[in-house]
Amino acid sequence: MNLEAVKVIYRFEMLRTWNTLMQSVASPVISTSLYFIVFGAAIGSRIQEIDGVSYGAFIVPGLIMLSLLTQSISNASFGIFFPRFTGTIYEVLSAPVSPFEIVLGYVGAAATKSLIIGLIILATAGLFVPLRVEHPLWMMVFLLLTCISFSLFGFIIGIWATNFEKLQLIPLLIITPLVFLGGSFYSISMLPPAWQTVTLFNPVVYLISGFRWSFYGISDVGVGVSVMMIVLFLSACLALVWWMFRTGYRLKQ
Amino acid sequence: MQPVIEVKDLCKTYQDGLKALDCITLDVHRGEILALLGPNGAGKTTLISIICGIVSPTSGSVTVDGRDIITDYRFTRQMIGLVPQELTLGTFDLVRNTVCFSRGLFGKRSNPAYVDDLLRDLSLLNKKDQEVRTLSGGMKRRVLIAKALAHEPRVLFLDEPTAGVDVELRKDMWDIVRRLRESGVTIILTTHYIEEAEEIADRVGVINRGRLLLVEEKHMLMRKLGKKRLTVQLKEPIARIPESLSSYDLDLAADGSEIILTYDIRSSRTRITALLQDIKNAGMTLKDLNTSQSSLEEIFVSLVKEEA
């Protein structure tokens, strides 16, 4: 195992965050604060409690997930797309590193970054609404699994994308609607029955539901199902990455 | 001695059907400078890219120090450094950081003293805390060389190292290459500047349309394929070549005061003696004689033309 390589890739990616600290950390924090002000304080004060939780507090897990998903995907996809775009990827491809080490370095850094952002947002949320975390261990498990699997997904997009537009395409067209319709701002039970069924096909529902359960002990779907879904998604991403390296998809001709 | 790189029946057909390499077999000797010469699109970069692991071969095999580049890639790749043709560098990286990154990527522990020495050798030491984007093109190429050498490779590939580089820097580059060779590094460079191959290579391989036309020791190649020219300077200029000399391959030059004979040193009879005799018989007086050997450029052009 070429640990030195994993280390330098990881450090290089983290350094990029450090150099662009404002974009990397400040912007998700600012946008989340805006959500809190608008939905939590302004509109939220007119909305009744959901399952005994004030609306402002209710949306915290969903908001964190929203940032986590978009950040994981954009960090990881940019991290691998940019060297492909500039051509510096030649060095990684010609180095004595295995695909696993490459993924560990890039995805590890992207996941770390989103985890940090997630925790910062959590702390920011604490300034606006009273927070309680009933299952802190499970909260960390959900946080970690989400960061890792969506960073992997971002890595896949970064390899798949052939231009900057495509890089934005999936987050914009698929992830954002799925998160918004996945119960970030409402409980699934508030929907008409037919839509509740439709919603169950949205994988993000399981993420948010499980994550919210770790905070307030309330969930739309069973916690076990949530964990299973996220592990399933993680496995699918792993399989796809494995296939990409095996065939050299868009990396090697 | 076992060659440091053995390429056997290597073929590469790209997905779009382009046959970039057509059954190439090549040995690279330890410690030599091998120049791969060929026009654009000949397959030079593809060959290098396969050996370095950037492109997958369609068929055939490559070993580095006796180990296969695919099954034993960790070993073979840490032996090799690659300086790519394009100036591909992360624009915002600091010089020192990008070189240290390369070293770590190839599995070597961080060694700031070695990196400093390397940067000093490449006249980059005073630029080490600068962002890559602030450097000139020539300096960027040096950074690429530093990156390629960061993990102390035994084999260095230089893909068109002097393309778009001014004369002075080109000379510098050649010095760097020579110094590396002295330290025992095997160097394979591609170029379409023949003078480059002529200047620094020990052996020259000519590639065209994915095929290796020949690999030959440089001097041997020039001797084997070289045409020589004999220039005969006359005391009195002549208007045209006399009838009696029509059986020779002659040209008249310098307003009739020079007769040039082109002959092949490979042929058993160069007919020089006879020509000189016939010139004398035609009543002309010789002023001076000189011979010149054709350059690699001429050899190359004739080889590629033959192929086409």
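**Close-up views of a predicted model**

**View 1. A salt bridge between two helices of chain B.** In this predicted model, B:Asp172 and B:Arg142 form a salt bridge whose closest N and O atoms are 2.8 Å apart. Because B:Asp172 belongs to helix H6 (residues 167-182) of chain B and B:Arg142 to helix H5 (residues 137-149) of chain B, the pair ties together parts that are 30 residues apart in sequence. B:Asp172 is partly exposed, with a relative accessible area of 32%, whereas B:Arg142 is buried, at 6%. In a separate network, salt bridges that share partners join A:Glu4, A:Lys7 and B:Arg109.

**View 2. A salt bridge within one helix of chain A.** The side chains of A:Glu13 and A:Arg16 meet in a salt bridge, with an N to O distance of 2.7 Å. These residues are three apart in helix H1 (residues 3-19) of chain A, so about one helical turn separates A:Glu13 from A:Arg16. A:Glu13 counts as buried because its relative accessibility is 4%, while A:Arg16, at 23%, is partly exposed.

**View 3. A salt bridge between the chains.** B:Arg74 pairs with A:Glu101 in a salt bridge, the closest N and O atoms being 2.7 Å apart. Since B:Arg74 lies in helix H2 (residues 73-79) of chain B and A:Glu101 in helix H5 (residues 99-128) of chain A, this pair joins two chains. A:Glu101 is buried, with a relative accessible area of 1%, whereas B:Arg74 is partly exposed, at 29%.

**View 4. A hairpin in chain B.** Strands E1 (residues 5-13) and E2 (residues 19-28) of chain B pair in the antiparallel sense over six bridges, and B:Val7 stands opposite B:Leu26 in E2(B). Five residues lie between the two strands of this hairpin, and B:Gly17 in the turn has a positive phi of about 90°.

Note on methods: Residues numbered from 1 in each chain as written. Chains lettered and ligands numbered in written order. Predicted model: local features only at pLDDT ≥ 70, side-chain atom pairs only at ≥ 80, totals over all residues. Heavy atoms only, no water. Pairing = 2+ DSSP bridges. Helix = DSSP H or I, 4+ residues; strand = E, 2+ residues; numbered from the N terminus. Salt bridge = Lys/Arg side-chain N within 4 Å of Asp/Glu carboxyl O. Buried < 20%, exposed > 50% of the residue type's maximum accessible area, 1.4 Å probe, protein only.
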